[in-house]
Amino acid sequence: TRHSVMWFRRDLRLADNPALLAAAEADAVLPLFVLDPALWDVAGVSRRAHLAASLRALDASLRSRRTRLSVLRGDPVEQVVAAARELDATEVHVSADFGPYGAERDERVAAALAEHDIELVRTSSPYAVDPGSVTKGDGTPYAVFTPFSRAWADRGWDTPYEAPRGLSGLELASSVDVPDVDLPEGLRLPEAGERAAAQRWETYVADHLATYSDERDRPDLDTTSKMSAHLKWGEIHPRTMLAEIGRASGAGRATYRSELAWREFYADVLHHRPETAREYLRAEYGRMRYDDPGEGFDAWREGRTGFPIVDAGLRQLRGSGWVHNRVRMIVASFLVKDLHVEWQHGARHFMQWLVDGDLPSNQHGWQWTAGSGTDASPFFRVFNPTGQGRKFDPRGEYVRRWVPELRDLPDGEDPHEPSAAAREQVGYAAPIVDHKEERVEALSRWEEIRR
Ligand code: FAD
């Protein structure tokens, strides 16, 4: 009899999982997850909590198929090899990881398995199109989004795969429990797992996909899909979503597809340039003068800058592990251009709290705002937080939702720019900087690196 291991990582689902199908061709399969301290111990509380819940959900669906998820803790190089040897498996199946850490880890695991004549088989990846496989005619990677997205769509993807029918499961004697993760007070996260992902997607397609392009910039309406955390953990595969988008109608679907392409583009960029997880993609921005993170950075992290939409975004981050895309851009711009703090500090804070925290999209979302990214927003276009608030949250509903002080403002006060007296009355901070002055300061620092 032939035994295999299905090593789950960022593909916590049974449906549309070709690596699982490949593993299930063996006579019996061990469904395995390894809690890697190198990842677990540094992940923020939101991601740890989501992952734990997702592993429980995966275990529950495996149990309904009369098997279970075995969980080990430790360095995957040792743990995966030990598990495969314990069950005399000849293959370990994964979906390929293209992240800087994951790709290198998989090389080490493959080498360690090979010493025991066990093969690491990579089938598919968390993307519709594997990073690195869309290239220009001369074989070099795309540096900007639009031509990438055209070539990406031309390349195309498979139709979704069914879940395996039967699954003859193996288990380990030494499986550990999935840890309980206590959430800090005030943080509430949405449900995790494959079923929750499928339900959210189904509801979203029915209710909001058609109007996505009109409403996606409006944090007050809250009508984006919130699929990001499900995608991050592979509780759904983009293939499944793209197939559904292909069947839907309405103007929103092309825009939505293009957002999924951004996710794939950033994964491709990080695959080719792994150092850009930390370093400036456009090196000249590394020469810009920045300030050390100080009191302003503390106020930013805690959502008390005195700019309502900035504070709402940063409180939404710590209250729900998620922030609307428009507001991610606004708070990021504020940190880099009003407080003159390097993007890496903000990116780290995001990774600490985001439930969808994902290296390529996060680091390159930040680089975009900082002016140093691929299709970067030109540095001289500095977001005015008050104007952005008025435009994208016209009735102030979003800022009132996340900054409760603003609910008590006297009539006639602008929730995006309350008067000094009104701030005092409701106990809301005065602006920590003068936006006009800091804009001028940011532009003069930028002029220095252009010379
Ligand atoms: P929707 O608007 O419904 O979009 C659908 C899907 O498309 C998203 O789930 C996501 O997978 C993808 N997508 C949408 N916009 C982008 C984008 N700009 N870049 C890449 N993919 C996109 N996204 C993350 O998944 N993880 C992150 O850590 C992350 N950090 C970010 C940091 C900054 C500073 C910025 C500006 C953006 C960041 N994004 C990140 C991208 C985007 O903000 C989120 O994907 C989006 O807000 C998730 O909400 P949603 O699922 O409702 O999005």
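Okay, hi everyone. Before anything else: this is a predicted model, where local features need pLDDT of at least 70, side-chain atom pairs count only at pLDDT 80 or more, and totals for chains, interfaces and linings use all residues. Residue numbers start from 1 along each chain, as its sequence is written.

On confidence, pLDDT is the predictor's own score for each residue, from 0 to 100. The protein chain averages 96, and 100% of the residues score at least 70. For the complex, the predictor gives an ipTM of 0.99 and a pTM of 0.97.

Let's go to the strands. When I say helix or strand, I mean DSSP runs, H or I of at least four residues for helices and E of at least two for strands, numbered from the N terminus. Two strands pair if DSSP finds at least two bridges between them.

Start with β1, residues 3-8, which pairs with β2 in the parallel sense over 6 bridges. Within that pairing, valine 5 stands opposite leucine 30, and serine 4 has valine 29 as its bridge partner. To get from β1 to β2, the chain passes through helix α1, residues 18-23, and this β-α-β crossover is right-handed. Right-handed here means that, with the strands pointing away from you, the path from the first strand over the helix to the second runs clockwise.

β1 also runs parallel to β4, residues 89-94, with 4 bridges joining them; there, histidine 3 is partnered with alanine 89. As for β2, it pairs with β3, residues 70-73, in the parallel sense over 4 bridges, and leucine 72 is the bridge partner of valine 34.

Now, the ligand. Which residues are closest to it? Those are Thr224, Ser225, Asn325, Asn362 and Gly365, out of 27 that surround it; the cut-off is a C-beta atom, placed from the backbone, within 6 Å. Helices α9 (228-232), α11 (252-272), α14 (325-338) and α16 (359-370) each supply at least two shell residues. Domain 2 (127-159 + 195-272) and domain 3 (283-450) each give at least three, with domain bounds taken from an automatic or database assignment.

That's it from me, thanks!
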